[in-house]
Amino acid sequence: MAELITLDNGVLEVKIHPKGAELRVLRNKATGINYMWSGDANFWGKYSPILFPIVGQLRDNTYLYNGNSYSLPRHGFARDRTFQVEQTSDHSAVFTLQDDAESHAVYPFAFVLQVFYELDNHQLTTRYTVTNPGTGELLFSIGAHPAFAVPLLIDGVESAYEDYSLVFNHSAALTRWKLDNGLLTSNHEPVILQDHVLPLRKELFAEDAVVLKGLADNTIRLACSKHSHGIDFSWTDFPFFGIWAAPGAPFVCLEPWCGIADHVHHDLQLTTKEGIQSLPPGETWTRQWQVNCF
C-alpha cells in the first residue's frame, strides 16, 4: 500500500494519498485541529476525491464520441487511479496521472493531469493542470470534492452540526438545481440566505447535493457559533458548485466544478455535454482552489 505524502510548513500539516492524489489530513499544528473529515466508511469512505474526466453522473453511465459508445462511473476514474508522486519540498508536492491502455478503454483521449499541493502559512492551495499531448482535441471535466469535518473536533469545546453555517461573500440568495437519481433536471428552487448565511442542517441534503450554477461568490466561510475556528474556502473560474453531505454524516463537501452531471434528457454526446472543457493539442489548462484555516 502506498504511503501518505506529508507536507509540513510548521503551521499546517497535510497528508495526501497517491491513490487519487487525495487530500486526507489538513491539520493546524498549534491547535491540533484536523479540518478534514475522518473518512468513516459507514457514511462515505472518501476524503477529497478528484473528479476527472467527468463531474457527476452520465445518463445511463454512457457517453458517445466519434460514433463510439463508452461507459464511465459517476465522477470518472481519476479518484481510483494511483498517481506518480514528485515531492518538491516540505511544503509542496506534485501528483501526475497520464493516459494509458486502461484509460483508453473508457476514455479515448491523450491527457496529462497534474495536481499541485502547496502550503503557505495558514493556507493550502490545490491546483489542477490538464495538458493535451495528443493530436486531437481533449474533452474533459474536472472538479474538487473535499469533505470538511462538521463539527470540528476541538479539545474542551462541544459543538453540533447545527452550530455551523456557510457564509457566502456575495450572494444574498441561491438557486438550487434539482437532481433526479444523480442527473440534472430543469427544476430549480430558491435557497434564501440570512445576511449571506446558509445554516447547515442535515436535512439540506435529503435530496442529494445542492447544485449551483454561475455563483457570484468566490469565497465561502465555514464557521461555528460556539468557537472561532473554521475555514475560508476560495476558488476562481469554476462555473458550477456543489454542496453535499452523505445522509446523517458529520461533514460538508464544498465542491467547485468545471463540469456537471448530465441532464435527464441529454443526448449522450460528449461534445454537447454541459460544462465540457475543450483543450486543443499542445495546450495546458489550469484551475485552483484554496483553503485558509483559522
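**Figure 1. The largest nonpolar core of this predicted model.** The core holds 95 residues. Among them, Ile142, Ile243 and Phe251 touch the most other members. Strand β21 (residues 251-258) gives the most to this core, with six residues. A nonpolar core is a set of buried Ala, Val, Leu, Ile, Met, Phe, Trp, Tyr and Cys residues joined through side-chain atoms within 4.5 Å. Buried means under 20% relative accessible area, exposed over 50%, and partly exposed in between (1.4 Å probe, protein chains only). Strands (E, at least two residues) and helices (H or I, at least four) are DSSP runs numbered from the N terminus. In soluble globular proteins, nonpolar side chains tend to be buried together.

As a predicted model, it is read with pLDDT of at least 70 for local features and 80 or more for side-chain atom pairs, while totals for chains, interfaces and linings use all residues. Residues are numbered from 1 along each chain as its sequence is written, and side-chain values use heavy atoms, with hydrogens and water left out.

**Figure 2. Surroundings of Ile243.** Contacts here are heavy atoms within 4.5 Å. Neighbours within four places in sequence are set aside. Ile243 then meets Leu166, Phe168, Phe205, Ala209, Val210 and Leu212. Val252, Cys253 and Leu254 are also in contact with Ile243.

**Figure 3. His227 in the loop between β18 (219-224) and β19 (231-235).** His227 is buried, at 13% relative accessible area. Its side chain makes a polar contact of 2.9 Å with the side chain of Tyr164. A polar contact is a pair of N or O atoms within 3.5 Å; within protein, one must be able to donate a hydrogen and the other to accept it, and residues adjacent in sequence count only if both atoms are side-chain atoms. The His227 side chain also reaches the backbone nitrogen of His229, at 3.1 Å. Not counting residues up to four places away in sequence, His227 touches Leu152, Ile154, Val157, Ser159 and Tyr164.

**Figure 4. Ser171 in the loop between β13 (164-168) and β14 (173-180).** Ser171 is buried, with 9% relative accessible area. A polar contact of 2.4 Å joins its side chain to that of Asp217. Leaving aside neighbours within four places in sequence, Ser171 is in contact with Leu193, His196, Leu215, Ala216 and Asp217. Asn218 is 47 residues from Ser171 in sequence, with 10.0 Å between their C-alpha atoms.

**Figure 5. The largest pocket.** Its volume is about 280 Å³. On a 1 Å grid over the protein atoms alone, a pocket is an open set of points with protein on both sides within 12 Å along at least five of seven lines, and lining residues have an atom within 4 Å of a point. Of the 18 lining residues, Gly56, Arg74, His75, Asp208 and Ala209 are the closest to the centre. His75 lies in the loop between β5 (68-71) and β6 (84-89). Its phi is near 70°, a positive value in a residue other than glycine. His75 is buried, at 10% relative accessible area.

Figure 6. Pro53 sits in the loop between β3 (22-28) and β4 (62-65). Pro151 is found in the loop between β12 (147-149) and β13.

Key:
1 Å grid on protein atoms, 1.4 Å probe; cavity = no way out; pocket = protein on both sides within 12 Å on 5 of 7 lines; lining within 4 Å. Points joined across faces, edges and corners; volume = space filled by probe spheres on them.
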